[in-house]
Amino acid sequence: MSQSMKHPDQAAIARIGAKVTQRLTSDPQAYRLPTETAEIYAIGDFLTPSECARFIAMIDEVAQPSAVFEVDYASQFRTSYSGNFDPADPFVLAVSRRIDDRLGLDFEIGETIQGQRYLPGQEFKPHNDWFYTDQPYWEGEKKRGGQRSWTAMAFLNEVEEGGATHFTEARLAIDPKPGVLLIWNNALPDGSPNPGTMHAGTPVLAGEKYVLTRWYRTRKWD
Ligand SMILES: O=C(O)CCC(=O)C(=O)O
Ligand SMILES: [Fe+2]
């Protein structure tokens, strides 16, 4: 391993990063958020109202207390409920492929879409989506597709109060707007993890919040 490539999967992440950046910068519907700290884009009306409603109903069926690597639900770190959808469900497959196409990424490197529901008081505290490769869980994750490259997250409903996605380093808080797809590069152009992607699902104060997330790896995910 060379000096300049000290992070696992770094070269591949850099390659994937550049590819998606090129794709999104030539997409007239993809709006780059005004920050240099992280590469974050938003696409409005990515999902139709009826698609959002369908996902919300599915989330109500699959949602369980969220588990986070090494940090469990009981620690109050991620208090929302979440669940993976059936990857063979034709609707889930079609939307997954639509997200893949927007980013220009291969289907096989994407994790199955995960749905999440936050009730009043629930939140996802500031975190990075990339894996800490010095932690025990990395041994497993490295074999299941490796480091996370990009994240695509869609808001599914209007939240009465609270629930913004807050990029703490970039100082940007994005209020949930149904159908909007947020996309961010978890890495820097050189493929190393970008601490500027630190983000939180801030507490829902009133109403409820539904989102879906598709995280992309470096290699085939399974
Ligand atoms: O719910 C949010 O606004 C953030 C969700 C999130 O951080 C994630 O799914 O990785
Ligand atoms: Fe996240």
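This is a predicted model: local features need pLDDT of at least 70, side-chain atom pairs count only at pLDDT 80 or more; totals for chains, interfaces and linings use all residues.

I started with Thr 37: buried, exposed or partly exposed? I counted 17 other C-beta atoms within 10 Å, so Thr 37 is partly exposed. A buried residue needs 20 or more.

Next I asked where Thr 37 lies. I found Thr 37 in the loop between strand E1 (30-32) and strand E2 (39-43).

Then I looked up what Thr 37 touches. Leaving out residues up to four places away in sequence, I noted Glu 169, Ala 170 and Gly 196. I also checked Thr 37 against Trp 138. The two are 101 residues apart in sequence, and their C-alpha atoms are 26 Å apart in space.

I moved on to helix H1, residues 10-25. H1 has 16 residues and reaches 22 Å from its first C-alpha to its last. That is close to the 22 Å expected at 1.5 Å a residue.

Which residues of H1 are buried? I listed Gln 10, Ile 13, Ile 16, Gly 17, Val 20 and Leu 24. Seen down the axis of H1, these buried residues fall within an arc of 120°, so they line one face of the helix. An α-helix has 3.6 residues a turn, so residues three or four places apart point the same way.

What do the buried residues of H1 pack against? I noted E1, E2, helix H3 (90-103), strand E7 (150-155) and strand E11 (181-185).

Last, I checked the record. An unreviewed UniProt entry lists residues 109-218 as "domain: Fe2OG dioxygenase". Over residues 109-218 I read 6% helix and 37% strand. The end C-alpha atoms of that stretch are 6 Å apart.

Terms used. Residues are numbered from 1 along each chain as its sequence is written. Chains are lettered from A and ligands numbered from 1 in the order in which they are written. UniProt positions are given in the numbering used here, feature names are shortened, and annotations may be inferred rather than shown by experiment. Helices (H or I, at least four residues) and strands (E, at least two) are DSSP runs, numbered from the N terminus. A residue is buried if 20 or more other C-beta atoms lie within 10 Å of its own, exposed if 12 or fewer, and partly exposed in between; C-beta atoms are placed from the backbone. Two residues are in contact if their C-beta atoms, placed from the backbone, lie within 7 Å. The expected span of a helix is 1.5 Å times one less than its number of residues. The arc is that of the directions from the helix axis to the C-beta atoms.
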